[in-house]
Amino acid sequence: MSVFAGPIQELVDELGRLPGIGPKSAQRIAFHILEVPKEEAVRLATAISGVKDRIRLCERCFNVGEAALCAVCSDSRRDSSIVCVVEDPRDIVAVERTREFHGTYHVLGGALNPIEGVGPDQLRVRDLLGRLEPEGVAEVIICTNPNLEGEATAMYLARLLGPLGTKVTRIASGLPVGGDLEYADELTLGRALVGRRQMAT
Amino acid sequence: MAPPVITSILSLELESFRNLDSVVLRPSSNGLTVIKGDNGVGKTSLLEAVVYCSTLRSFRGVAKEAVISNGKAQASLHCVLLHGSRTVDVSVDITLSRRDRVQRNGQRVDNGRDLLEVLQTTLFTPDDLELAKGSPSLRRGLLDDVIAAASPRLGAELASLDRILRQRNALLRQLGGRLRTDDMATLNIWDERLAETGEIISTARANLLEALVPLARRAFAALAPGAGTLELFYLPSYKGSLAAALKESRDDDLRRQLTTVGPQRDDVGISAGGLDARSRLSQGRQRCVALALRLASHEYLTAATGVQPVLLLDDAFSELDEKTARSLVNELPTGQALLTTAGSLPPGSEPDLVFSLVDGVIS
């Protein structure tokens, strides 16, 4: 049953499909859009269609960008012999923020997850294999999430890449820097203890 | 070893909780408090409220709405407890539409763990008879609950195991009985994860069971003196390493599209005086087995965590003869225990406090 006039209900329905937006929020946003000046609403609409028209996936690493190659892949200063494998383009943003990584990326587009119907064929694994030789990749850093599916994906890639002679590494897991030990959750702290390192003395 | 921290409930106020309109319970802070009352007066609801204050869930496995009195919008619980020497004030508002509003010492808490930290319970219900009688999943569940309560790390492994199995079974269903070379690598990964996590869980369960045996044996001997020695033994669903067992059962698993070996298929064997508990013990004796298992886990957790949970015994005398009921009262560990009963107390037992629950009033 729709309570609102057609176009409003349509907007509420569309907004309600977005992640993290429930029916109440959808309604609030719809009425907000109804009230703002027309230019503002059009700007939003243009931004939405712009992102679909102008943004595409990088041919090499499947990051998002505006050209055939993304900003990272087209940057000649980046070291193409080290590839950081992530699940999602948003993970690239996270790694980029560290300013510690100067190699290139490869976006898998998810992690192994049979429940969701995701196997190696649904991930960009073949594309990764195809990059190793032409780009002279010496090291693959597996930067998938530290959860069950991410770990399984990491293991899968390691088994796959290992025999090809590429060095495969996995990011470490541990405690947040600058935090207090007492606030660390027991699992993270437990893993940090297991992965402890000898100190230089 | 330092004596355990004793947790006890000083007072529990319930409002619009199940059929209890407004009730205050002030149990004895140490020792046994008995709550007597006819069927349907809300004795179990009192215990349910205690568990809700600890886990924010009903132990009856129903949606939280079910605990709110008919026609009311909200149920409220207010529990003052003593945790060691600290007084902790827990209040929970359960509403129909929103999340529970939970406060600890007046501070809002979002995480159920904040409550478990101050209030843990061991619960015995009449359904526990199924521990002796019912399907293996209940016996595994008992062990897993104790394991998770004693070690957060193993608790996380248990959650992983569950997820790994669901992933592996989903993959087996997708394969539809055939294994192409490409899929082999993926199945290998899940097998590897399952073997690793599964061994951890099987070992943890077998170790726990070994620790429970002397405790359960003593409790059972006190409850059922003529029934012979209680034996508990872990029955794995595979021999040797799980990795090898998975390899061996792979064809079978592919055909049945299900993981047929692993800790999810293990069981606990129980016998008393050489008789299998499930098939050959009387129902009364089966109850004694279930009680002994609960009391043993209670004692084990107290020692393992250094915190003594509150012991809750719902209708624990049902199907027990007078002598056994009396032994149960005498066998209770130190610390606080709440026991409900519809009948009378066994003669010769001396609880610290006895309340009657009549028409929603405790006296």
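Guide: Domain bounds come from an automatic or database domain assignment. The model discussed here is a predicted one.

Visitor: Into which domains is chain A divided?

Guide: The assignment gives chain A domain 1 (6-54), domain 2 (77-170) and domain 3 (173-201). Between domain 2 of chain A and domain 3 of chain A, the C-alpha centres are 25 Å apart.

Visitor: Why is A:Thr144 called buried?

Guide: Buried means under 20% relative accessible area. A:Thr144 has 1% relative accessibility, and therefore counts as buried. This residue belongs to the loop that runs between strand E5 (139-142) and helix H6 (148-161) of chain A.

Visitor: What makes the pairing of A:Thr144 with the backbone oxygen of A:Gly150 a polar contact?

Guide: The cut-off for such a pair of N or O atoms is 3.5 Å. A polar atom of the A:Thr144 side chain lies 2.8 Å from the backbone oxygen of A:Gly150, so the pair falls within that cut-off. Setting aside neighbours within four places in sequence, A:Thr144 also has contacts with other residues, including A:Val85, A:Leu108 and A:Arg170.

Visitor: Is A:Cys70 buried or exposed?

Guide: A:Cys70 has a relative accessible area of 1%, so this residue is buried. B:Cys288 is likewise buried, because its relative accessible area is 3%.

Visitor: What makes a group of residues a nonpolar core?

Guide: The residues must be buried, of nonpolar-core types such as Leu and Phe, and joined through side-chain atoms within 4.5 Å. The largest such core has 87 residues, and A:Leu157, B:Phe220 and B:Leu328 have the most contacts inside it. Helix H6 (residues 181-223) of chain B gives the most to this core, namely 16 residues. In soluble globular proteins, nonpolar side chains tend to be buried together.

Visitor: How many residues of chain A are in contact with chain B?

Guide: In chain A, 16 residues are in contact with 20 residues of chain B. The two chains bury about 1600 Å² between them, with 65% of it on carbon and sulfur atoms. On the chain A side, A:Pro114, A:Ile115 and A:Leu148 lose the most area to chain B, together 37% of what that side buries.

Note on methods:
Residues are numbered from 1 along each chain as its sequence is written. Chains are lettered from A and ligands numbered from 1 in the order in which they are written. This is a predicted model: local features need pLDDT of at least 70, side-chain atom pairs count only at pLDDT 80 or more; totals for chains, interfaces and linings use all residues. Side-chain values use heavy atoms; hydrogens and water are left out. Buried means under 20% relative accessible area, exposed over 50%, partly exposed in between (1.4 Å probe, protein chains only). Helices (H or I, at least four residues) and strands (E, at least two) are DSSP runs, numbered from the N terminus. A polar contact is a pair of N or O atoms within 3.5 Å; within protein, one must be able to donate a hydrogen and the other to accept it, and residues adjacent in sequence count only if both atoms are side-chain atoms. Contact means heavy atoms within 4.5 Å. Buried area is the accessible area (1.4 Å probe) that two parts lose on being put together, summed over both.
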